[in-house]
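Welcome! Take a look at the structure below, and then we will walk through some of its features together.

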Amino acid sequence: MADDTDSSARRWTYLMDMDGVLVHEETLIPGADELISELTDAGNPFLVLTNNSIRTPRDLRARLGQTGLDVPESAIWTSALATASFLDSQRPHGSAYVVGESGLTTALHDVGYVLTDRDPDYVVLGETRTYSFEAITTAIRLVERGARFIATNPDPTGPSRDGSLPATGAVAALISRATGREPYFVGKPNTLMMRSALRSLGSHSEQTLMIGDRMDTDVVVGLEAGMRTILVLSGISTRQTVEMYPYRPTLVVDSVADLVGRTEDPFAR
């Protein structure tokens with residue numbers, strides 16, 4: 001599935017999803033540690049991406065470290081960071097009412113935002129394990145009064161050991177149904193998240209590849225951002241589901257273990 005463009009002289013920048021690509025919940029996917037070590041040793045720039053906005057990069061570094069992955073805090077890019085970067089570019093030093101956890105509130109504080117429930121510029125919805133009726137009601141009323149509605153990502157559900165959990169997209173639908181206002185989603189598959197990640201690395205899409213486990217987010221966002229894409233079958237998508245979509249990844253592999261030893265040119269035949 002690779003195209004015929006010569007890539008042998010390139011030094012690839014790697015963007016990769018976290019859950020389903022490097023880890024399953026708190027378990028390392030075999031080969032992920034070797035891939036990160038190989039990229040680090042070769043000096044290939046990389047970022048680990050996640051649509052989940054609950055944790056800060058520091059927290060995620062610790063979480064990954066417990067599985068055996070050594071990923072620097074600076075190499076982690078979340079939908080919370082992308083959302084904060086977007087809001088800072090739109091309305092610097094603005095205000096927001098946040099439904100979310102420390103990953104999102106910290107990111108907004110770091111760009112100079114004031115968090116308030118009194119006439120905020122934005123209502124910002126992120127992931128949380130403690131959605132409350134009171135907080136959602138406040139968000140609805142503020143949106144009705146004119147606050148702009150932003151959500152970190154459109155994922156309707158998230159994984160847990162016991163099954164699916166309602167995620168940002170599902171709660172956003174509740175608020176939208178109540179207010180008649182749709183949010184602007186910043187995270188994948190919005191290419192805005194990818195472009196902000198590239199800016200943070202000082203890289204260009206033509207030199208970058210996206211590794212993910214979902215056709216409907218990771219592959220399509222990489223494709224639309226002008227990157228080459230690698231689908232791993234260690235997460236959501238399968239070889240059968242690939243055929244359901246009108247677009248295709250550049251390469252399909254069973255897991256990141258198949259890329260170890262090939263990071264200089266993963267598309268070589």
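## Before we start

A residue is called buried when its relative accessible area is under 20%, exposed when that area is over 50%, and partly exposed in between (1.4 Å probe, protein chains only). Arginine 61, for instance, has a relative accessible area of 34%, so it is partly exposed.

Keep in mind that this is a predicted model: local features need pLDDT of at least 70, side-chain atom pairs count only at pLDDT 80 or more, and totals for chains, interfaces and linings use all residues. Residues are numbered from 1 along each chain as its sequence is written, and side-chain values use heavy atoms, leaving out hydrogens and water.

## The sheet and its helix

Helices (H or I, at least four residues) and strands (E, at least two) are DSSP runs, numbered from the N terminus. Two strands pair if DSSP finds at least two bridges between them. Here 5 strands make an open sheet with parallel pairing, in the order E7-E6-E8-E9-E12. At the edges sit strand E7 (114-115) and strand E12 (184-185), each pairing on one side only.

Look at strand E6 (residues 95-99) beside strand E8 (residues 122-125): their parallel pairing runs over 4 bridges.

## Salt bridges

Side chains of opposite charge can pair when their charged atoms come close. A salt bridge is a side-chain nitrogen of Lys or Arg within 4 Å of a carboxyl oxygen of Asp or Glu, and by this rule the count comes to 9. In one of them, arginine 61 meets aspartate 70 at 3.1 Å, N to O. Aspartate 70 counts as exposed because its relative accessibility is 54%.

Lysine 188 forms a salt bridge with aspartate 218, with the closest N and O atoms 2.7 Å apart. This pair links distant parts of the chain, 30 residues apart: lysine 188 lies in the loop between E12 and helix H7 (191-201), and aspartate 218 in helix H8 (residues 215-224). Aspartate 218 is buried too, with a relative accessible area of 1%.
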